[in-house]
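User: Hi! I am new to protein structures and would like a close look at one part of this one. Could you walk me through the metal site?

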Amino acid sequence: MVEHRFADFSGLVMYRKNYKEKDMLVKILTDRFGKKMFYLRGANRPKFRLSAAILPFTRAEYGGDVRSDGLSFLNNVKSASQFQTISNDLFLNAYATYIFSLVDVGFPDSEPLGSWYQKIEQAMVLIDEGFDAAMITHIIEVQMLQIFGVQPQLQVCTVCGRSDLPFDFSESYGGLLCQQHWHLDHNRFHASQRALYYLRLFSVIDLFKIQSVNVKSATQMELKTMIDRIYQDTVGLSLKSKQFIDKMYQFDSQLPPLKKMSSEIDNTPKDD
Ligand SMILES: [Zn+2]
C-alpha cells in the first residue's frame, strides 16, 4: 500500500522534464525522503504558482504529499532560491548536472541520503560561489566511489601499509602501492606524486572546511584522467552528462570556448 504523508522538507531540484502537454515531472533531492519524483500539474502553463520553486538548480523549503511509492506532489514552497551563477553558466551547469546524475544512479530513490544531502548541497554552494567546478566535482566523484561499492585504499600502501615512500595507484591492488611494491603491477597508473597527493586529499577533504582549491592545469588533467579511468574500470558508468563534460574538455583545448560552442550546447543533455 502506498503510504503518504504531508510533510515539510528541504530539497534541491535535480532535473525536470515535461510530461503530457502542460505538466511536469520534477525530481527533487530531499533531505528527509531521499530522491523523489514530483508530479506538477499545469507546471508548463504561464503563471504557474510554483514555477520559481522548480527551476533547475533551485533549493527550497517545500511542503507536499510525499508518497512512499510512485509520484509525490508539491503543495507549497517557502524561500526558494536558485543557484544563479550555476544556472547562468553552461559549464558550471554541466558540472552540477553531472553531480546530480551521479547522485541519481548512486543512491536508490526514496531512501534518505544521510549526510550526503548536505554534502551535495555544499558542492552546489561552492560551485555557485566560484570554486573550481571541475575540482569540486572530482571531490564528489572520489568520495562517491564508496557509494558505488569501490573503496580504494588511498592512505597507505595496500601491500605493506607504508606511507612514507612515493606512491602510485594500482587498480588490481585496489589502491596505492609504495615505490617498493611498484614492480607488482605493470599496469599501475604511473601518476605524478602531485596528482596522487590530490587524489588522496580529495578522498578525505571536508567540503565544509574547504578554503580554496588551486590545482595547476596539468595536474587537473592528470587527475581527470585517473578518476575517469577508475570510474570506467571499476564503476562502469556511462552518463550523458559526463560525456558532455568530456566534450567540453576537448573543445576547451582547441577553441576559445563559449562562442563557438554555443550551437553544441543548445541541447544540454540530461540523464533521465
Ligand atoms: Zn608497499
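Analyst: Here is a walk around the zinc site.

This is a predicted model, where local features need pLDDT of at least 70, side-chain atom pairs count only at pLDDT 80 or more, and totals for chains, interfaces and linings use all residues. Residues are numbered from 1 along each chain as its sequence is written, and side-chain values use heavy atoms, with hydrogens and water left out.

The zinc ion has as its protein donors Cys157 (SG), Cys160 (SG), Cys178 (SG) and His181 (ND1), at 2.1 to 2.3 Å. Donors here are N, O and S atoms within 2.8 Å of the metal (3.2 Å for Na, K and Ca), and sites may look incomplete since water is not among the atoms. Along the chain, these donors follow the spacing C-x2-C-x17-C-x2-H. Cys157 sits in the loop between α4 (133-144) and β6 (167-170), while Cys178 belongs to strand β7 (residues 175-178), so this pair ties together parts that are 21 residues apart in sequence. (Helices, H or I of at least four residues, and strands, E of at least two, are DSSP runs numbered from the N terminus.)

Now for the geometry: the arrangement is tetrahedral because the four donor atoms subtend angles of 103 to 115 degrees around the zinc ion. For four donors, that label asks for all angles to lie between 85 and 135 degrees.

Finally, are these two cysteines buried or exposed? Cys157 is buried, at 2% relative accessible area, and Cys178 is buried too, at 0%. Buried means under 20% relative accessible area, exposed over 50%, and partly exposed in between, using a 1.4 Å probe and protein chains only.

Notes
Four donors count as tetrahedral if all angles lie between 85 and 135 degrees; four count as square planar and six as octahedral if opposite donors are over 155 degrees apart and all others between 65 and 115; anything else is irregular.
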